[in-house]
Amino acid sequence: VNVRQFDGGREFEPEAAALLAAAERVLRSGQYVVGDEVAAFEAEFADRVGGGFAVSCASGTDALWLALRGAGVEPGQRVVTTPFTFVATGATIINLGAVPVFVDVDDASLMLDAQRCREVLAGPDGGDVQAVVPVHLFGAPAPVHDFPDGVPVVEDAAQAFGTLVGSHCAGAVGLCGAFSFFPTKNLGGFGDGGVVFTRDASLADRLRRLRAHGASRKYYSEEIGTNSRLDALQAALLRVRLATIEDRLKRRAVIAENYDSALAGIDGIRLPWRPDRGTHSFNQYVIRVVDGRRDHVQSVLRDRGVETAVYYPVPLHLQPAFAHLGYRSGDFPNAERATTEVLALPMYPTLDDAEIAYVAEAVAAAVR
Ligand SMILES: Cc1ncc(COP(=O)(O)O)c(C=O)c1O
């Protein structure tokens, strides 16, 4: 392979000295679990996202779990979400004993369709819906403002650090937002990590309790929670990343523009959707290859040394893990078509201009 779809080792290099110094500081401090590094990271993160509270935890999956608990989701209740997402979004709902209610995505944006959500909420089972979970897929903004008032919105912002929804940061529009620091994310760490962001101080307190086995005072648990914390080491590394994030977000935008102009007008592909309100942070640059040629195009690209990825090959409602919910093929045509067309091109800030040109030219040739 000449061009990787993501290259974590390469992303480390430009900041190697600062990252190694941060790691050494933590290792010498003797404080590895919670403590000053974690508190400082939470404050800096909250400041960047919108001045509320950031409650860190062990992964984006745990952030979703905490956020849904915080939204009051109880066993047996329904939670509306998209079938075109990473498995964590739907699995977390099931892990809470709640029931995912899938609603199709909009064909152009691939975001949870707000109009269809309104219909479900107004329908016979709408009263049991305790939360709506839109996903800011690939770093594009989901239409959070268009969901009906009255039902808590938990934003899955795992892929959307740096995205604007209207004039607010993704993850800071609804009741709360779940972020992931998995290495491929815009604010990628060096292992697993996550945050729940909220502007609600008492919700933040409850989330802090839930991540520490429901105890606000050590060894005195008020409710059942879990152990989900961000390591001090990870927090220190993420602070280095956060200090320089704007440059990397800008580079993602430039890469996306370069791809857009190089790929414009090629028959057989659709370029990524662009929002007219808000911004796309391009965690992934995902084209759609139409006419059933996606897998062919992917294998031609592989032969030319270009690694690509399919996010996601199977919608959640057709995964065996969700079979008990009783959905069938054909239930969500937009999501199902998307799974056959999407192709994520290489996208990370250290990708250079020659590589972008090479990838674009290889795509053009593969589609022909
Ligand atoms: C949309 C979405 N939701 C949730 C997650 C879960 O995050 P994590 O992998 O940090 O648990 C991810 C990332 O993998 C994601 O892309």
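**Exercise 1. In which strand is the place of Ile-287? Describe its surroundings.**

Solution. The model is predicted, and local features in it need pLDDT of at least 70, side-chain atom pairs count only at pLDDT 80 or more, and totals for chains, interfaces and linings use all residues. Residues are numbered from 1 along each chain as its sequence is written, and side-chain values use heavy atoms, with hydrogens and water left out.

Step 1. Ile-287 belongs to strand E13, which covers residues 285-289; helices (H or I, at least four residues) and strands (E, at least two) are DSSP runs numbered from the N terminus.

Step 2. With a relative accessible area of 0%, Ile-287 is buried, where buried means under 20% relative accessible area, exposed over 50%, and partly exposed in between (1.4 Å probe, protein chains only).

Step 3. When neighbours within four places in sequence are left aside, Ile-287 is in contact with residues including Leu-263, Ile-269, Pro-272, Leu-343 and Val-363, contact being heavy atoms within 4.5 Å.

**Exercise 2. Work out how Phe-102 and Phe-322 are paired, and which parts of the chain they tie together.**

Solution. Step 1. Rings of Phe, Tyr and Trp (its six-membered ring) pair if their centres lie within 6.5 Å, and planes under 30 degrees apart count as stacked, over 60 as edge-to-face and the rest as tilted. The count by this rule comes to 17 aromatic pairs.

Step 1. In the pair formed by Phe-102 and Phe-322, the ring centres are 6.0 Å apart and the planes stand at 65°, so the pair is edge-to-face.

Step 2. Because Phe-102 lies in strand E3 (residues 99-102) and Phe-322 in the loop between helix H10 (294-303) and helix H11 (333-341), the pair ties together parts that are 220 residues apart in sequence.

Step 3. Phe-102 is buried, with a relative accessible area of 3%, and Phe-322 also counts as buried, at 2% relative accessibility.

Step 4. Elsewhere, ring pairs link Phe-41, Phe-45, Phe-161, Phe-179 and Phe-181 into a cluster.

**Exercise 3. Phe-138 and His-213 have positive phi values. Is each of them buried or partly exposed?**

Solution. Step 1. Phe-138, although it is not a glycine, has a positive phi of about 65°, and this residue lies in the loop between strand E4 (129-133) and strand E5 (154-156). Its relative accessibility is 7%, so Phe-138 counts as buried.

Step 1. His-213, a residue other than glycine, has a positive phi near 55° and is found in the loop between helix H7 (201-210) and strand E10 (215-217). Its relative accessible area is 46%, and therefore His-213 is partly exposed.

Step 2. A further backbone feature is the cis peptide bond that joins Tyr-311 and Tyr-312, with omega about 5°; Tyr-312 lies in the loop between H10 and H11.

**Exercise 4. How many helices and strands does the protein chain have, and why does its radius of gyration agree with a compact globule?**

Solution. Step 1. The protein chain has 12 helices and 14 strands.

Step 1. A compact globule of 368 residues would have a radius of gyration near 21 Å, and the protein chain has 20 Å, which agrees; the radius is taken over C-alpha atoms, and the globule rule is 2.2 Å times the number of residues to the power 0.38.

Step 2. The C-alpha trace spans about 65 × 60 × 35 Å along its principal axes, and buried residues make up 53% of the 368 residues.
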